[in-house]
Number of protein chains: 2
Amino acid sequence: MSLTIVSESRCFGGVQRVYSHLSRETGTQMRLAVFLPPAAERGPVPALIFLSGLSCSEENFTVKAGAQRYAAEHGLMLVAPDTSPRGEGVPDDPDYDLGQGAGFYVDATQAPWSRHFRMYSYVADELPVLIGEQLPLRPGALGISGHSMGGHGALVLALRRPDRFRSVSALAPICQPSAVPWGTRAFTAYLGADPSSWRDYDTCALLADHRFPGPVLVDQGDADKFLSTQLRPDALAHACAAAGQPLQHRSQPGYDHSYFFIATFIGDHVAHHAAALAR
Amino acid sequence: MSLTIVSESRCFGGVQRVYSHLSRETGTQMRLAVFLPPAAERGPVPALIFLSGLSCSEENFTVKAGAQRYAAEHGLMLVAPDTSPRGEGVPDDPDYDLGQGAGFYVDATQAPWSRHFRMYSYVADELPVLIGEQLPLRPGALGISGHSMGGHGALVLALRRPDRFRSVSALAPICQPSAVPWGTRAFTAYLGADPSSWRDYDTCALLADHRFPGPVLVDQGDADKFLSTQLRPDALAHACAAAGQPLQHRSQPGYDHSYFFIATFIGDHVAHHAAALAR
């Protein structure tokens, strides 16, 4: 399952690549955008996996967030996977919030999704091993972050797999997917109608008996049109307080859900992960 | 011809807007992306017009270059116009290098282009007046830059209109359009087959009797696949040397023609313009 280079460009003294590889978990060719900072020419570096939101591919974060500048400064590798399996033979839905581009970082159990939609295991297990074997990753120095649906993925993966991820942050995450339209539609399709099967993929529910061994950084724009209907940062704050989970939750005045919001604050997130992974 | 807000997002403490307006020059609705830095809330600021390359709209620079961070730091407004008129009734060509998305910053004299394709006068005259009247521009504090076809536009506009533009730079500009395939195809269509009519839009030709009253900053990746066939930085260096035009020409090892190249060096360009426009 080796990585094949699809494209590469010099960027901030390092190199921005897109790879493809045949995934064991999804059974499809998956694309992966990777920024290797200048420090990676001298030896292994820590890495940050960034999970994107609905309708995105590996490209959006890579071309819009401007994270490479900060990653070059901190000597951090950036890894941006696609948000779902794709291609002929992979089921899809006409709407943007289900199917291709909307994997929700779960392992689907329901037909027709269960064959390919295994994004949880892809990010939790296949991707860390792949990076460790084929890219200059300092062993164990892996953080995870994401935006919106990807923020949900990052929080769930960090809470369930602190053995894999040593730092976590999120931008405008879907905090309580079991209770909002995006999440309930996707979870019903991928996991079935019984909400008890959704619990392992709901950050607020997981916090009842999981804690991340470190601080969680979350940024949320207060002019985000999805704030109360889909994202529910209040529910995350309550769940973290009840669980004793350290949370740095920043409400950013006037910011919306766009990449202009991500670009503004991604530097703080890169610094957060670089500091945690340096230890 | 007032500016109508199409979208706006908070960004690096300022605001990123897209406007539309009916253009006197092109006779069409034109889109314009504008970043207002935080300093613009307190009073007029200098502005940098950035001209994009073939197939781009006002969006590419705005979402991919990451220039807002630097513009916020320096208190500089960023203005990114579209690269041509567009819409029903506007002529086009099936190829990417002519027609919509490929205005080449000329005033076309040939049918069917001459009615709408007036991007030279649009950028030289209509846009500066529009910005001056409807946005918080410090009078006269206007610089110009661009990439590829837009770098050509920036150099031509600065050489011909130093009354309008007080600073100039370019990234991977088409330096000698009269002598390369992109330029000769476009100039033949827009200006006619007689090369003597192309001279006013060719940087290297203009340098025979024009000089810009200040230094010209140009960055060029040495792994750019268009380097020798379309861009010809060597011709620009020779023409500037012969004319006594101060030129800071930087060959950037390993960089290609992409926005990863632009993102890496746009901070230096913003600083170049901010310094020139502060005087």
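**Exercises on a sheet and a helix pair**

Helix α2(A) passes helix α9(A) in a right-handed crossing, where right-handed means that the near helix is turned clockwise from the far one by less than a right angle, and left-handed anticlockwise. The model is predicted, so that local features need pLDDT of at least 70 and side-chain atom pairs pLDDT 80 or more, while totals for chains, interfaces and linings use all residues. Residues are numbered from 1 along each chain as its sequence is written, chains are lettered from A and ligands numbered from 1 in the order written, and side-chain values use heavy atoms, without hydrogens and water.

**Exercise 1.** Find how the axes of α2 and α9 of chain A are oriented to each other.

*Solution.* Begin with helix α2 (residues 67–74) and helix α9 (residues 259–278) of chain A, whose axes come within 9 Å and cross at roughly 25°; helices are DSSP runs of H or I with at least four residues, and strands are runs of E with at least two. Axes are lines fitted to C-alpha atoms, for helices over the stretch in contact, and angles run from 0 to 180 degrees between N-to-C directions. Angles under 35 degrees count as roughly parallel, and α2(A) and α9(A) are therefore roughly parallel to each other.

**Exercise 2.** Describe the order of the strands in the sheet of chain A and name its edges.

*Solution.* Nine strands form an open, mixed sheet in the order β1-β2-β3-β5-β4-β6-β7-β8-β9, where pairing requires at least two DSSP bridges between two strands. The edge strands, each pairing on one side only, are β1 (4–11) and β9 (247–252) of chain A. Within the sheet, β4 (residues 45–51) and β6 (residues 137–146) of chain A pair in the parallel sense over six bridges, and A:Phe50 stands opposite A:Ser145 in β6(A).

Key. Angles under 35 degrees count as roughly parallel, over 145 as roughly antiparallel, 65 to 115 as roughly perpendicular and the rest as oblique.
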